[in-house]
Amino acid sequence: MLLRKSPGREIGGNRVRVFRDGDETFPAMLAAIRSANHYICLETYILRDDATGWEFAAALADRARHGVEVSVMYDGFGSMGLGDSYIDYLRGNGVRLCEYHPVLPWRRGFDLNRRNHRKQLIVDGRLGFVGGINIGDEYRTHGDESAWRDTHMEIAGPAVKRMFRLFMITWLRHGGAPLHRERYVVPSRKAGETPVRILGNRRHRDRGAIQRAYLEAFQAAEEKILITNSYFVPNREIRKALSDAARRGVRVCLLLAGKTDVMLVQLASRSYYEFLLDSGIEVYEWDRTTLHAKTAVVDDDWATVGSYNLNWRSLFHNLECNVIMRDRSVAADLETMFWDDVAQSRLVDTAFLRSLSHPVTLAGELAARLRYWI
């Protein structure tokens, strides 16, 4: 696959590991936190005060008590149920907190529509974690209850510095305490061979960077496009790029949500199914658990994992972060994961579309009209 140009600087020398669901991700994140010597930066949309949230709180508080500078940024809407006792515990143990855009109109920084949807953890400039997983019990398996389906990844190497810069800009701009910069001068050594780009969209800069990376890859695709996306409400550019690829012989497969925590988005997503099928695109729905992953593989060497949904909210409103990788091994791992998921999913075909009741179809068309907001 030949890309004409790519938004964001490519950084070489990294080692990448891909994780499936919270059962694989959380132990690696907690181990990294417990190994910190200089600083920890955690940025998350949802921070819960459930068992998982308290496990993270204990690990973060312990490192803060041992002199590590621990900074935690959480979204005011996504973490709206966070209890005062949890916040007091973190602050009481020296963890520095910043709430992004509180939902209370009288609070500084109020903006109901602008949300921080990133999920990043940076430890000592040597390890970074990024993907779709928030901090909460729903991402773990509990007895017979399966975890939400999601994908996260770990990066070791020079690209972690770019993740820290993305965090730092948002932290300082939205009221975070000053960073003691002497702590952050940690060498970022080569750890592997994978070149990556860290793409983050900010409110007034780089707003369309992640979508441009997707479009560039779709337009250059020669063999296949494999997308897993939890809240899929594509704009015209994305629809056209996927349709054009399918019509020139590229195999385009979408794995979308059969179970969801945002029904309005699923209704809007299904309103595009007829167009997708008519374009020759394969569509599957994961209906075992809630689908929350945001990944893509194009041909054999382009892959992305992150928080970005192919919808209007990610494009226009949210802060997001995706990692773009040009690595055959990583792409192969994500492709294997994709086909494993497809094997457990439901094929969307014309019979499926006919099975949808008229009220459901109508509701989908109405939901699609709200696409700018959902």
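**Cores and cavities in close-up**

**Figure 1. The largest nonpolar core of the predicted model.** This core has 45 residues, and those with the most contacts inside it are Ile122, Met153, Ile155, Phe164, Ile198, Val323 and Met325. Helix H4, residues 160-173, gives the most to this core, with seven residues. Apart from it lies another core, of 44 residues, including Val233, Val250, Ala268 and Leu356.

**Figure 2. The surroundings of Ile155.** Neighbours within four places in sequence are left aside here. Beyond them, Ile155 is in contact with Asn14, Arg15, Arg126, Leu127, Gly128, Val130, Val160, Met163, Ile198 and Val323. Of these partners, Ile198 and Val323 are, like Ile155 itself, among the residues with the most contacts inside the largest nonpolar core.

**Figure 3. The largest cavity.** The model has four cavities of 30 Å³ or more, and the largest has a volume of about 60 Å³. Its lining consists of Arg149, Thr151, Leu226, Thr228, Thr295, Ala296, Val297, Leu334, Met337, Phe338 and Asp341. At least two lining residues come from each of strand S9 (224-229), strand S12 (294-298) and helix H10 (328-343). Helix H10 gives the most to this lining, with four residues. By class, six of the lining residues are nonpolar, three are polar and two are charged.

**Figure 4. The second largest cavity.** This cavity holds about 50 Å³ of space. The residues that line it are Gln211, Pro234, Asn235, Ile238, Tyr308, Asn309, Leu310, Asn311, Trp312 and Leu315.

Terms used: Residues are numbered from 1 along each chain as its sequence is written. This is a predicted model: local features need pLDDT of at least 70, side-chain atom pairs count only at pLDDT 80 or more; totals for chains, interfaces and linings use all residues. Side-chain values use heavy atoms; hydrogens and water are left out. A nonpolar core is a set of buried Ala, Val, Leu, Ile, Met, Phe, Trp, Tyr and Cys residues joined through side-chain atoms within 4.5 Å. Buried means under 20% relative accessible area, exposed over 50%, partly exposed in between (1.4 Å probe, protein chains only). Contact means heavy atoms within 4.5 Å. On a 1 Å grid over the protein atoms alone, a cavity is a set of points where a 1.4 Å probe fits but cannot get out, and a pocket is an open set with protein on both sides within 12 Å along at least five of seven lines; lining residues have an atom within 4 Å of a point. Grid points are joined across faces, edges and corners, and a volume is the space filled by probe spheres set on the points. Ala, Val, Leu, Ile, Met, Phe, Trp, Tyr, Cys and Pro count as nonpolar, Asp, Glu, Lys and Arg as charged, and the others, Gly among them, as polar.
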